[in-house]
Amino acid sequence: MNRRWIATQLAAILALSGLLPIVGLGALGVAILRRRSEAAAQESLRALAEQASERVRVYLTQQRETLRMIAANLASDAQAVTRLEEIRLDAPSLGPLRMVDPGAPPEKLPPKLTPAQVKSAAEGKEVASSVYLGKDLTPAMDVCLPARGVVKGAICTSLDLLELQRLVQRIHIGEEGYAVALDQSGRLLAAGAPQLRAAVLTGERSAESALVEKSRGGGALPGTFDGGLGVQVVAGWARLDELDWIVVVEQPTSEALAGARAARHYFYIALLVALIISLGVGIWQ
Amino acid sequence: MSAIDGRAQTTLAVIAEDWVFEPIARIDDNDALVPVLASVIELDGPHRARFKLRPGATFSDESPVTFESLKSSLDESAGFSLSMSGEWILADNEKQGGPIDAALLPMQVRKKDGNRFLGTGPFVVVGQDDRHALLKRRVSVPGKIDQIELDSIPTNREAMARALRGELQVLPRIEPRNLEFFEHVTKLRVIHGASPQGAALFLGAKRLSAEERLALLQGIDIKELRNTAYGDTCASLGHAAETRPLPPGRKLDVIAPEIDDDFLRLGLATRRSLGMRGGQLLRLPLEQAFAAMKSGDYDLFAAPILMRPQSMFSVAFRQGPRSLLPPGYANAELERAAENNDHAGMMKAIEADPPLIFVCQPERYTLVDSRLKGARVGPWGLLETLPNWEVGE
């Protein structure tokens, strides 16, 4: 054992004893940074999901207000049916509007509402179905309102919710983030990621479907999980109770936490450089 | 899917026939005749044409296309006669009376071989059942489509889902509303072009006098009607800058055949454009609508009409089996112009004594794989240009 060897060992001990606390503190800092970045990403995604939900809610409210206005102004004159038929020319988001007698046979009733619901509408209560995919493959919702100007009748239509699908599809976060809308059973209703849109049409389940289904009893929805595209995502969720919809905005972890990841890499590089310099100086001395 | 035999009945088979069977000529984007099985074609007046066969043209069994095979193929249902004059083949439609190019266009040349029909096109049917067909290119061309699998998919939903999953390279028809689904889907792109069929309002001459029909032509705001019924998915065919109020009179009913939602909207918009004179909107199943059209028992009738090529259009205004002239309507000037395939003359005669009002020419949309280069909607057959498409990386 010569002097040089002893000097090297001493230098290594000194370098490591100096660096170990730095490593510990640095690692802790990086972990905190990652956790904060993740929380911040989740929070901003949740805010986006809530914004989207709010826009959906406003849109839906407007549609129903339009319908209420039509129902309130409906008269029982001979032209009423003609006017009702032509409303869809100006309000394309409303399906065919018709006056429905609660005693009409089921085939004359809106497809997703029961005779009891239509009766209830005729008696003064607004009723609506859950969201379903219509014949033209766009989401729809059947709504019936009391037609106050008409004795014993309800005014019914299918709201065309294509606008909502459009709204969800057009949410893009960064390069790879997207939004998905699901109903309470976990069925996909709209998806920003093109790869998930086939499931909207076929009713196939996605990773998000399983999470929504699991949360039905009131369970929390996770902030990170393996998303429908098979990569880990950071996510923000928002519920839209009027529609029984859930909107989730997702961003791959690799993109959402790119800042924290870069900080960790820089820290490791700095640590390595410091170690090399300490050892070098120790050996040289 | 019906048999791909040159006289197919179902949409998918009709689309595929353009790749297996060739007509003498097709039309280009400007409605000019372009020789296909002919090497050269010349019109000799409205009823006659002469052409030479493309040298080396063969059926898919490699037997040559001859005057006799052409005659036996076309004489079945073409209605025009063929004769030889030196190197030229003469096509004469004098007896039927319609424009010869309109008669030639839909006639695909075929040859019976046992219980199947052979064509002269670049593809050959190698197998077919009720839902599938397999077509192969007769002679491979580097960079171009070599094999086509046709799959008749029962629902739009399944077809769109399969396209989104990347299982289909072409989805021939897609509704404009459904295009939203394919936004940002980079592996697919939308191609579109004007349909040869336009949308029109036929005016029942049995119920409406010439003055009333003229008043309707001048009183209905076509621009507004088109925008209300179709939005921006239907090209303008021109319209009067100003409209005049409709004179008072009885209420007018509008028939909208149950073709699709667009025709229902056109019917609704038409009734509204009639203002106080708008009567009932009658939504009729196709069979009943057809019967009403034949009987002429209607006021206004929202219906499709072949707008191009112009020769096809003129067939609709000649007396005959394919005439769309409303019963009770007579317009010697229009018939004369139609007889001579004089488009400007026809439009002038229609404007003076209208049997119908043109609304617009809808677009047709197709989804294709983004790797297919040069893909475009054909001027006549929806995918007639497919054999020329190139497969990129």
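Is D101(B) buried or exposed? Here are some friendly notes on that residue and a few other spots.

1. First, the ground rules. This is a predicted model, where local features need pLDDT of at least 70, side-chain atom pairs count only at pLDDT 80 or more, and totals for chains, interfaces and linings use all residues. Residues are numbered from 1 along each chain as its sequence is written, chains are lettered from A and ligands numbered from 1 in the order in which they are written, and side-chain values use heavy atoms, leaving out hydrogens and water.

2. D101(B) is buried, since its relative accessible area is 10% (buried is under 20%, exposed over 50% and partly exposed in between, with a 1.4 Å probe and protein chains only). Setting aside neighbours within four places in sequence, D101(B) contacts L33(B), L43(B), S311(B) and N341(B), contact meaning heavy atoms within 4.5 Å.

3. N341(B) also deserves a look for its backbone: just after α10(B), N341(B) has a positive phi of about 55°.

4. In α10 of chain B (residues 332-339), the buried residues are L334(B), A337(B) and A338(B). These residues sit on the same side of α10(B), because they cover an arc of only 100° around the axis (the arc is taken from the directions from the helix axis to the C-beta atoms). They pack against α9 (310-315) and α11 (343-352) of chain B. On the face turned away from that buried side you will find the exposed A332(B) and R336(B).

5. M347(B) belongs to helix α11 of chain B and counts as partly exposed, at 27% relative accessibility. Not counting residues up to four places away in sequence, M347(B) touches F313(B) and F358(B).

6. Over in chain A, the axes of α1 (residues 3-72) and α4 (residues 162-169) come within 10 Å and cross at roughly 165° (axes are lines fitted to C-alpha atoms over the stretch in contact, and angles run from 0 to 180 degrees between N-to-C directions). The two helices are therefore roughly antiparallel, a label for angles over 145 degrees. A52(A), R55(A), V56(A) and Y59(A) of α1(A) meet E163(A), L164(A) and L167(A) of α4(A).

Technical notes
Helix = DSSP H or I, 4+ residues; strand = E, 2+ residues; numbered from the N terminus. Parallel < 35°, antiparallel > 145°, perpendicular 65-115°, else oblique.
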